[in-house]
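Here is a guided walk through one protein chain, from its overall numbers down to single residues. Please keep the viewer open as you read.

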Amino acid sequence: MRSAVVEYRGWKEGSRCGYCASARGKVSVGMWAHSMTVQDYQDLIDRGWRRSGKYVYKPIMNQTCCPQYTIRCQALRFQTSKSHKKVLKKMLKFISKGDVSKVVSEEEPMDSHIEDVVPSDFAYKSESQVSQTELTPLNEDHAEGAENEDKDNVETNVKKVESGSLQIPVDKDAAGPGEPSHSSKTVHAPPKPGKGADLSKPPCRKAKDIRKERKLQKLLQNQMGTLEGSPLQAGHQALLSQNSKTPTNQPKSIEDFIFVSLPDDAPHKLEVRLVPVSFEDPQFKSSFNQSATLFAKYQMAIHKDTPSECGENEFTRFLCDSPLEAENPPNGPECGYGSFHQQYWLDGKIIAVGVIDILPYCVSSVYLYYDPDYSFLSLGVYSALREIAFTRKLHEKAPDLCFYYMGFYIHSCPKMRYKGQYRPSDLLCPETYVWTPIEQCLPLLELSKYSRFNQDAKAVDEGRIKDLGRVRVLHKRTIMPYSVYKKRRKGPSDEASVQQYASLVGQTCSERMLLFRS
C-alpha cells in the first residue's frame, strides 16, 4: 500500500467568504495531497479537515469569520422527519404516477456550495510545481538508513538505489482500518428537557388518534354502565383494553420509501449507479461528458458561474481528481473504499450526481450537482437520504462503517443550518476533537459562533503532537524522521511550519503520512 505524500501550504487568510458578506474574513490552512490512504483521510476529517479535489484544507475555527464544524449523522439510528418523508413521497409519486409537485424545498442540497473554494483559488490549490520523480520515495532499506541515523545521531551517506515502491512498516500506535481513531470518542450526556427526541421511548402519536381513542373509551364506558352484570360486559372490557394499548406500528424507514415495488406501467424509471472515480472505469469514462455538461449547467444556473469557471478542466480538478487510493480489503464493502460518483439516472439520462468518499468508518459527502429542471424533486434532500440509506447498506458488510459525514455545519449562516435536521447527529469539538451531540452544541452556538463543545475543562486533544522529531519527511526521494531532516537541511529553519503542520494533522497522521520538503 502506498503511503500518503502531502505538501503543506500553510495559512491562507484574508480571502472572500462564500457564507457571509466578509471580503477578507476567511482563514484556513491547506495542503496539496499527491496521494492518501482512506485511513489517512478518515483520521484527518476526524480532526476537522476536508478535501476539494486533491487540496485538503482546515478552517482556523477561532479566527475565521464563519466557523465550520464537522458534522456527522448516526446513520444506523437515523429517523426520517415529516419534511424528509414529504420529499421521499414526492419522488415516489413522480416515478410511479408522473405527479409533479411545484413546491420547491427551501433546504439546500448537501454541500451545494463549494465551501472554502472559489474559482480564483484553483491555481493555488490544484497545481503543484513538484515533479513526480521527486515524490517517488526510494526503497525501504533507504528509509531504514535514515531511521538508524536518527537513533545513532550520526550523519551517514545513504547510497542511492533504483526507484521503486515503498512499503512503510505499520506503527503499533497507528489506528488500523478496523480500529477506531482517538478522535472518534463521543461525549455522552442526556439531552436537556425539550431538546431533541428520546429514542428510548416510542414515537409520538398523532393528536387525532389520541382523540379517537378517548372518544371510544368514553363511549364504551357509558355502554358498560347500562350493561352492568350482562354477559356482554366482559367482551366490552376486552375491547376497551385492546383499544387503549399503544399502537405497535413503527414509523417507516428510508428503505420503506426507496425500495418500494413500483407498478409495471410506471411512467418513469430511476436508477442509482455507483461509479468509481477513475478514467480506467468504463462506466465513469463513458458518462464523463454527460456528467461534466450537467455540472456546468448546475453551476451556471444555481451559483451563477461563467462558462470558463465550470468547464471540463475545472470539473475534473474539483470533482474527479482525488488523492484517495482505492482499497478493496476482504472485510470491507463490496465496492471497496475510495472516491465515487453516485449517478441518478432518470429515464436514461443523468439528472444528479452525488460525489462521495467511502472511508473505513463513514460515507463522506463531497458535493452534489443536479439538473435545475428537476428542482421540484428536492434532489438535494433526496440524495442525502439515499446516501444515508447507502451507508446503512454498506454497514451490513463493513460493521465499522456506520456514520454519514455531511461536511461542515455553519451555525452563523442560517442558510447552512439545514444539516442539523438530520438527526441524531454530532458536531466535532474544535479543540479536543471529540464528537458531541448537536443538541448540546446549539445553545453554545447561540451565544457565540465559536465554541468549545467539550465541557470538561481538563480535557485535551488526545491526538496532539508529542514528538516533532518523529514526523515523517520525504526529502530528496528519501524518507526520514524530521530529527534527521533538520540536521541535513540547508538554509533557514522550517521548524515553525512543520510544528504547525504536525499539530493540525495530529501525531498519528504525522508519523504515517510523508511531508514533502524540497
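Among contacts (heavy atoms within 4.5 Å) in the protein chain between residues at least 6 apart in sequence, 72% join residues at least 24 apart. Before going further, a word on the basis: this is a predicted model, where local features need pLDDT of at least 70 and side-chain atom pairs count only at pLDDT 80 or more, while totals for chains, interfaces and linings use all residues. Residues are numbered from 1 along each chain as its sequence is written, and side-chain values use heavy atoms, with hydrogens and water left out.

The protein chain has 14 helices and 15 strands; these are DSSP runs numbered from the N terminus, with helices being H or I of at least four residues and strands E of at least two. Of its 518 residues, 51% count as buried, where buried means under 20% relative accessible area, exposed over 50% and partly exposed in between, with a 1.4 Å probe and protein chains only. The accessible surface comes to about 25500 Å², and carbon and sulfur atoms own 51% of that; such areas come from the Shrake-Rupley method with a 1.4 Å probe, and for residues only the protein chains shown count as cover.

Now find the open sheet of eight strands, ordered β6-β7-β8-β9-β10-β5-β11-β12 with mixed pairing. Two strands pair if DSSP finds at least two bridges between them. At the edges stand β6 and β12, each with a single partner strand, so one side of each has no neighbour in the sheet. On average, neighbouring strands are turned by 30° against each other, direction ignored.

Five bridges pair β5 with β10 (residues 403-409) in the antiparallel sense, and Y69 stands opposite Y409 in β10. β5 (residues 69-74) also pairs with β11, again antiparallel, over three bridges, and here C73 has S425 as its bridge partner. In a regular strand, side chains alternate between the two faces of the sheet. In β11 (residues 425-428), S425 and L427 point one way and D426 and L428 the other, and all are buried. Three bridges then join β11 to the antiparallel β12 (residues 435-437), with W435 as the partner of L428. Six residues lie between the strands of this hairpin, where Y433 takes a positive phi near 55°.

What lies across β7, β8 and β9? That is α10, which runs at about 160° to β9. Helix α9 (residues 282-302) packs against α10 (residues 312-320) at an angle of about 110°, with axes 10 Å apart. Axes are lines fitted to C-alpha atoms, for helices over the stretch in contact, and angles run from 0 to 180 degrees between N-to-C directions. That makes α9 roughly perpendicular to α10, a label for 65 to 115 degrees (under 35 is roughly parallel, over 145 roughly antiparallel, the rest oblique). In this contact, residues of α9 including F284, F288 and F295 meet residues of α10, among them F315, F318 and L319.

Finally, compare helix α1 (residues 38-45), where eight of eight residues are buried, with P263, which is partly exposed at 40% relative accessible area. P263 sits in the loop between α8 and β6, and its C-alpha atom is 9.1 Å from that of K97, 166 residues away along the chain.
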